[in-house]
Amino acid sequence: MHKSVDRILTSHVGSLPRGDELGDMLIEDEAGSSVDKKKLEELIEGRVAHVLAKQREAGVDIANDGEQGRVGFQTYIPQRMSGFGGASKRPYAKEFIEFPLFTKKMLSRIPRTGKVFDAPEAVGELHYHDTTAIAVETARLKRLAALVAPPFTECFMTEPSPGIIATTMLNAYYPTHEAYLDAIAREMAHEYRAVVDAGFVLQIDAPDLAMERVLLYQDKSDAEFVKIIEQHIAALNKALTGIPRDRVRLHVCWGNWEGPHVHDVALDLLLPVLYQAHVGGLSIEFANPRRQHETAALRRHRLPEHMVLLPGVIDPKSNFVEHPEVVAQRIEAAVGAIGDRERVIASCDCGFGTFAGWEWVTEDVVWAKLQTCRNGADIASARLWGRQAA
């Protein structure tokens, strides 16, 4: 995993807009409708090439395929693994009940999306089919990224954590939550290894480590929640066995929706557990109004020396394009909190398209936001290195 040796590098969290045509086809395919598979593959191919070109244009250093071929960042898994069926009944977050006018408005903004609260549940023994689908994804990214000039510093691919799979596709088969986590970890290890073997940085998407405090575990105490996410980290570490720590980064978030977020769990409670993960990078929200103060938690719980920090300095839920100076100040706050400019890579709070149809920011604004991230990183670089950024 590259560090910011002579300037602040930039990246993002993974999902990027899919476009209406591809998004609609992915939703139809997930629902079991008959779709033209050849056309679907052509759309994915074109969109991956498109988002790679736009990332290069915006000055992104560490890029990816934008999850263009996936209906959701974790809900695509039942398409690759047997043992799922029926529908999960996930609880709504507390704020969806406490702020009904907000909830009505929110749902009106996402009239059609992939399965979010009604994804399949585990109804039998999980078994990963084969690595054909992930091999197609890695080969596509490698081939199309090689056509981009100048080349990206590095490329990454995203994979869901065992914990977010377990809390999205609920358990209706295994005797315990821990047994279910272990089964997921055993099977997901195939995809994790495939990403790393293809030469990419592996990003684990784990909103379960923060977001589920207000969803599945909203009735638990903070202490009980911490114990649960310790289980989730342990399962993740099993799945990462044999993968070098410095080839893995972990993304944690409090839920990718524009809302009150008044019940979010504090970062202070989470950091000691997150540091137990066998990863070399940590991606955390710091840009939105509920998280901007959390850099102080990094001063109280020092980032381990082996970890790189990818602070969110761009909000993917607002169509405001951050001023470059705002981005620079957020980067400098992160550097100040950990005391090492080389271990900071500027990023976003979360993805711009976590599920097909679930997008808060229009595509033209997405590219402007990634560009302002680069511009802000250049301003911060000039100040942090005492010279003009390279």
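Student: Why is Tyr173 called partly exposed?

Tutor: Its relative accessible area is 41%. Buried means under 20%, exposed means over 50%, and partly exposed is what lies in between, using a 1.4 Å probe and protein chains only. A value of 41% sits in that middle range, so Tyr173 is partly exposed. Before we go on: this is a predicted model, where local features need pLDDT of at least 70 and side-chain atom pairs count only at pLDDT 80 or more, while totals for chains, interfaces and linings use all residues. Residues are numbered from 1 along each chain as its sequence is written, and side-chain values use heavy atoms, with hydrogens and water left out.

Student: How do you know whether Tyr174 is buried or exposed?

Tutor: Tyr174 has a relative accessible area of 11%. That is under 20%, so Tyr174 is buried.

Student: What makes Phe73 and Phe355 an aromatic pair, and which kind of pair is it?

Tutor: Rings of Phe, Tyr and Trp (its six-membered ring) pair if their centres lie within 6.5 Å; planes under 30 degrees apart are stacked, over 60 edge-to-face, and the rest tilted. Here the centres are 5.8 Å apart and the planes make 55 degrees, so we have a tilted pair. Phe73 sits in the loop between strand S2 (62-63) and strand S3 (81-85), and Phe355 in the loop between strand S10 (345-348) and helix H12 (363-385), so the pair ties together parts that are 282 residues apart in sequence. Helices (H or I, at least four residues) and strands (E, at least two) are DSSP runs, numbered from the N terminus. Phe73 is buried at 10% relative accessible area, and Phe355 is buried at 7%.

Student: Back to Tyr173 and Tyr174: what kind of pair do their rings form?

Tutor: Edge-to-face, because their planes stand at 90 degrees, with the ring centres 4.9 Å apart.

Student: How many aromatic pairs does the structure hold?

Tutor: Ten. Ring pairs also link Tyr92, Phe96, Phe102, Phe117 and Trp257 into a cluster.

Student: Which residues of H8 are buried, and what covers them?

Tutor: Phe225, Val226, Ile228, Ile229, His232, Ile233, Ala235, Leu236 and Ala239 are buried. Their cover includes helix H6 (162-168), helix H7 (177-197), strand S6 (201-205), strand S7 (248-252) and helix H9 (267-274), where contact means heavy atoms within 4.5 Å.

Student: What makes Glu67 and His261 worth a look?

Tutor: Most residues other than glycine have a negative phi, and most peptide bonds are trans. Glu67 has a positive phi of about 55 degrees although it is not a glycine, and His261 also has a positive phi of about 55 degrees. Glu67 lies in the loop between S2 and S3, whereas His261 is in the loop between S7 and H9. Both come out buried, because Glu67 has 3% relative accessibility and His261 has 5%.

Student: Where is there a cis peptide bond?

Tutor: Between Ala149 and Pro150, with omega about -10 degrees. Pro150 lies in the loop between helix H5 and strand S5 (154-160).
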